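Student: I am new to this protein. Could you take me through it step by step?

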Amino acid sequence: MKIRSALLAILLILISSGFLQAQKVGLVLSGGGAKGVAHIGVIRALEENGVPIDYVTGTSMGAIIGALYATGYSPDEMEEIVRSEEFAGWVSGDVDAKYSYLFKKPTTDASWAEFKFRIDSVFTPFFPTNIVSPILMDFAFLEVFAGAGAAARYNFDSLMVPFRCMASDISRGEAVVLHKGDLGSAVRASMTFPFFFRPIRIDGKLLFDGGMYNNFPTDVMYDDFFPDIIIGSQVAANYQEPKDDNIVSQLQNMLMQKQEYSAHCENGVVIRPNLREVNVIDFSNTTAFIDSGYAMAKRSLPYIREFVVERVSQEEIKAKRMKFENSKPPLLVGDLKISGLKSGQYEYVNQLLGIRPRTLLPADKNDDTDNAGIPLSMIKPQYFKLIAEDKIEHIYPQMRYDTATGLFDLILDVQRENQLVTGIGGAVTSSSVNELFLKLQYNYWTRYAYQANINAYFGRFYNSSMIEGRMDIPGSKPFFLKARFTFNKFNYFKTNTYFFEDEDPFFLVERERFFTLSGGIPLKNNGIFSIDMIIGRNRDDYFQTNYYTRSDTLDRTGFNFFSPGVSLEINTLNRKEYASRGIRFSAESRLVTGREIFTPGSAAPFKKSILNDHTWLQVNVTYENFYKRISSVSLGVFAQAYFSSQEYFSNYTSSILSAKAYQPFPEAIVRFMPQFRANRFVALGSKNVLDIRKNVDFRMEAHVFVPFRAIQQDYLTREAKRADEIFVYGMGSAALVYHSPIGPVSLNLNYFYGENNPYSFFMKFGYLIFNKRPF
């Protein structure tokens, strides 16, 4: 009896002291940018060795990994995510080509930078607050965390593993512990590194990266969960003291407070993987970092086992994950809620997304086809079309589960684009082809969207102005209507002056004035089909001889024309100039009818004015495809076929000017080369690009041009005639290109067969992109 009493007393003492209670283990994951993927290796080592994880707190990248684990993702699944191309898009901001929307992309121009204004604050420009676009990341967090948040009823204690993450409230200068609400928003706030990502608001507070004030939240783990043991995974450290000649070190110390990287309790172990220093968003070392986290956690196991005696089996963990996974509702959207828009604008967005209000039914009666909800995966392509709208500056998406319907409400916080947009750009080259580009854009939208554009080019070689109005009608089959007036002037006189110079003497000038009325529809995401009607006048001024004086007047050919046409374009190229990825296909068919008016100048060989009527059909097909990538080399092909039934104009010079030119790379655009002009031709070229660094590449191009019925000159009559034989001409280019944030910088060595000096060196900064020509 005494022995039983003694055993009972010992048992009561053990229970009261906690020795027979299950131990609770808290895992703390630090911030650290790209180095934070090492946390995956730490978690993998703990799971494989049966170490339980009962609570998780994290900051920044640690919040992402911690939230993934807390919502049921295994280490293998987390590694698959961070190694995926989709994740690379999250951190780079580059939207996958399958989500681009050519129909809404602005017309390609020579702009370097844009500045945005509101009508009521014209003198206050709005500058971007982030380097990396968060569009992909915001939607990805919606997909990844919305179901888990609903399953936990928006209480982070009810996730598979109770979870906390840190954010920073810069207006109050304090850390914020996020423990409830929208899980994706909490994680998004925690990893919003200043200037890299756009901040978001939660409960009215503008929040940034939690690492600014608490990059290793062991104190939050201790205060909120009070575990028996704390295990920390530390992949960051305090920045070095600022240097007087290093602004980056100064900013780092201003933004990030000094941290104490400790376990915050006696029963604690801090795992410190051996990682090299990398950029915040440089995930090129993901595999090595995960392996390092795993190896260091394995080495730390003897120290962990001094405190943790409990073991959890792989089967128990899998069962726990499966149970939580089964509690997540499917991501079906029943209703759309939008803030930041007016009523007409709401209707515009609703038509784009294709979500119509649903009748509220109890969840158990939600099998009605009209009330079944729309899968988020079906809304995703339409969502990115909405993002492509130039009327919208930013959208932040959330989803809230409605228990009454069993569906989610899609909640969009929309920030409208500023109404006025100005742009500046152009090109500075080693030749006389220097351009200044300016533009002004005005946006207005309600149920329909309206846009007005004005631009101008100023230069010695090219001058132009354009005014355009566009109306977009949304819906299941959206379309646009556009009206545009364009003036172009090309001066091929060779000079070494810059920008503005007296025109005399010059030998060849093209002028185009035309009005275009067009309409178009999208073809899936990357295509446009359009129909247009052009009316205008071309005027060419030239000498037909090289023997003239300053007092001589030029010959003049005018052409008053009318031209209806249809066109198809598919474009996924990654850059507007010097592309290295994607495909572009364009096909245009056009009828041209008009009257030629030739007026001879004082140096003309024949002093007779001529009137001729012309009507022809032309078809132009262009194909560019970077079809294969081998390591860091992109292999590409360029092809063009042009057919025209056009008859020659009254003389050789006017005929060659009216012929189509083959211009596959920038310097070819600014040279007048008769041998590369024809009314019928085929051309084929190769474009091969070697990526030297992230924004530096070396390009090699070679092209063959074959004109059918090449245009030659009859030296007696000065008229154009057809060549009796088929000619083959070649051109090529080798270029080193740096893609700067505002435009490309290139060093080019070019070759043009048939020129007096076939080789040329051409240096360029900016874009040689001009307004569209009539045909």
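**Strands, rings and a charge**

Tutor: In E19, lysine 482 is the bridge partner of arginine 470. Keep in mind that this is a predicted model.

Student: Which glycine takes a positive phi in the hairpin of E18 and E19?

Tutor: Look at the residues between the strands. There are five in this hairpin. The phi there is near 140°, and the residue is glycine 475.

Student: Over the face of which phenylalanines does arginine 470 lie?

Tutor: There are two rings to look at here. Arginine 470 is 5.4 Å from the ring centre of phenylalanine 103. For the other ring, the value is 4.4 Å. The names are phenylalanine 103 and phenylalanine 480.

Student: What is the bridge partner of phenylalanine 480 in E20?

Tutor: Move on from E19 to strand E20, residues 508–523. Twelve bridges join these two strands, which run antiparallel. The partner of phenylalanine 480 in E20 is glycine 520.

Student: How many aromatic pairs are there by the ring rule?

Tutor: Rings pair if their centres lie within 6.5 Å. By this rule the count is 44.

Student: Are phenylalanine 156 and phenylalanine 163 stacked, edge-to-face or tilted?

Tutor: A pair of aromatic rings is described by the distance of the centres and the angle of the planes. Here the centres are 6.2 Å apart and the planes are at 45°. Stacked needs under 30 degrees and edge-to-face over 60. The pair is tilted.

Student: Is phenylalanine 163 buried or exposed?

Tutor: Buried means under 20% relative accessible area. Phenylalanine 156 has 1%, so it is buried. Phenylalanine 163 has 0%, so this residue is also buried.

Student: Why is the pair of phenylalanine 461 and phenylalanine 490 edge-to-face?

Tutor: The ring centres are 5.8 Å apart. Edge-to-face needs planes over 60 degrees apart. This pair is edge-to-face because its planes are at 70°.

Student: How many residues apart in sequence are the parts that this pair ties together?

Tutor: Phenylalanine 461 lies in the loop between strand E17 and strand E18. Phenylalanine 490 is in strand E19. Both residues are buried. The parts are 29 residues apart in sequence.

Student: Which residue of E28 is the bridge partner of phenylalanine 638?

Tutor: Phenylalanine 638 belongs to a cluster linked by ring pairs, with Tyr642 and Phe681 among its other members. Strand E25 (residues 633–644) and strand E28 (residues 680–693) pair in the antiparallel sense over eleven bridges. In E28, the partner of phenylalanine 638 is glycine 685.

Student: Which residue in E29 stands opposite asparagine 688?

Tutor: E28 and E29 form a hairpin with two residues between them. Twelve bridges join these strands, which run antiparallel. Opposite asparagine 688 stands methionine 700.

Student: How many disulfides does the structure hold?

Tutor: A disulfide needs two cysteine sulfur atoms within 2.5 Å. Cysteine 165 is buried, while cysteine 265 is partly exposed. The count of disulfides is zero.

Student: What share of the protein chain counts as buried?

Tutor: Step back to the whole chain. The secondary structure comes to 15 helices and 34 strands. Of its 775 residues, the share that counts as buried is 53%.

Conventions: Residues numbered from 1 in each chain as written. Predicted model: local features only at pLDDT ≥ 70, side-chain atom pairs only at ≥ 80, totals over all residues. Heavy atoms only, no water. Helix = DSSP H or I, 4+ residues; strand = E, 2+ residues; numbered from the N terminus. Buried < 20%, exposed > 50% of the residue type's maximum accessible area, 1.4 Å probe, protein only. Phe/Tyr/Trp six-rings, centres within 6.5 Å; stacked < 30°, edge-to-face > 60°. Lys NZ or Arg CZ within 6 Å of the ring centre and 35° of its normal. Pairing = 2+ DSSP bridges.
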